[in-house]
Amino acid sequence: DSTTPPGSRLDHLKEKSLQGLDRCTRASHAWIVRHPYIFRSITGSVIVLFLGLASFLYVLVSGLPDRNQLKALGDNSQGTVLLDAHDHPVFTIPTQYQIEVPIEKISPNLKKAVVAVEDARFYEHHGVDGIRIVGAVISDIRKARKAEGASTITQPLARMSFLTADKTMHRKIKEALLAQRIEQVSAKEEILELSPHKAFFGDRLFRAERRSRRL
């Protein structure tokens, strides 16, 4: 009614809202009284699910490297440790046999090629590319097999630096979390500088410089 003062209309709406909330509360209480065992089962299941999820997240996050370790991602004073299929150290490649090349000395064509082939949206995402993940899932469903990967340049860098190569969901979640953390502490160019130094370039050769000298 246009003749009703605005204050009165507001009070009326508040009163109706309170009445509706009161009816819902009474109805919920009545349902709980009539079905106590169902209510207890639902409550218990929710608590167990919450505790299980909290425990899983704690175990997942507690083992990740801290911010200082991530900042030292490029440091390699201990050399490269190679692991066997059971994640046991086999031998270490000393640093004197590794060829480090700063980003300004890496060919722009190589940088563009790595981004174009491995991660076309590298400069747009923050470690994990949600659009690429959705595209990969759709492609896999259409072809009824794992036909397309969704890893960014940062994700394998995180895996090769801190994780194992096992293909479990646990490791993949850790890899995604680590990739996002790395992007928080490192610039894109730093990540692009580190990636060719750790990536596999075929013929049992790692690192771009080693690959180029073999050609």
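Predicted model: local features only at pLDDT ≥ 70, side-chain atom pairs only at ≥ 80, totals over all residues.
**Entry 1: H6 against H7**

Next I listed who makes the contact. H6 brings Thr 154, Gln 155, Pro 156, Ala 158, Arg 159 and Phe 162. H7 answers with Arg 171, Glu 175, Leu 178, Ala 179, Ile 182 and Glu 183. I sorted the residues of this contact by type: 6 are nonpolar, 2 polar and 4 charged.

**Entry 2: the whole chain**

I stepped back for the overall picture. The protein chain holds 9 helices and 2 strands. Read from the N terminus, I get the order α-α-α-β-β-α-α-α-α-α-α.

I then looked up burial. The chain has 215 residues, and 24% of them count as buried.

**Entry 3: Thr 154**

I went back to H6 and picked Thr 154. Helix H6 covers residues 154-162, and Thr 154 belongs to it. Is Thr 154 buried or exposed? Its relative accessibility is 0%, so I logged Thr 154 as buried.

I listed its contacts, skipping neighbours within four places in sequence. Thr 154 is in contact with Phe 122, His 125, Gly 127, Ala 179, Ile 182, Glu 183 and Ile 191. Of these partners, Ala 179, Ile 182 and Glu 183 are among the H7 residues of the H6 contact.

I took one distance here. Thr 154 and Ile 191 lie 37 residues apart along the chain, yet their C-alpha atoms are separated by 6.8 Å.

**Entry 4: H2 against H7**

Helix H2 spans residues 36-62 and helix H7 spans residues 169-185. Their axes come within 10 Å and cross at roughly 60°. That angle makes H2 oblique to H7. I recorded the crossing of H2 past H7 as right-handed.

Which residues of H2 and H7 meet? On H2 I found Phe 56, Val 59, Leu 60 and Val 61. On H7 I found His 170, Ile 173, Lys 174, Leu 177 and Arg 181. The residues of this contact divide into 6 nonpolar, 1 polar and 2 charged.

Lys 174 sits in helix H7. Its relative accessibility is 15%, under the 20% cut-off, so I counted Lys 174 as buried. Leaving out neighbours within four places in sequence, I found Lys 174 in contact with Leu 60, Gly 63, Leu 64 and Leu 163.

Ile 173 also has its place in helix H7. I logged Ile 173 as partly exposed, because its relative accessible area is 28%. What does Ile 173 touch, not counting residues up to four places away in sequence? I found Phe 56 and Leu 60.

I checked the spacing for Leu 60. Ile 173 and Leu 60 are 113 residues apart in sequence. From C-alpha to C-alpha they are 8.2 Å apart in space.

Leu 60 is one of the H2 residues in the H7 contact. Leu 60 is in contact with Lys 174, and Ile 173 touches Leu 60.

Methods
Residues numbered from 1 in each chain as written. Heavy atoms only, no water. Helix = DSSP H or I, 4+ residues; strand = E, 2+ residues; numbered from the N terminus. Buried < 20%, exposed > 50% of the residue type's maximum accessible area, 1.4 Å probe, protein only. Axes fitted to C-alpha atoms, helices over the stretch in contact; angles between N-to-C directions. Parallel < 35°, antiparallel > 145°, perpendicular 65-115°, else oblique. Left-handed = near helix turned anticlockwise from the far one by under 90°. Contact = heavy atoms within 4.5 Å. Nonpolar A, V, L, I, M, F, W, Y, C, P; charged D, E, K, R; others polar.
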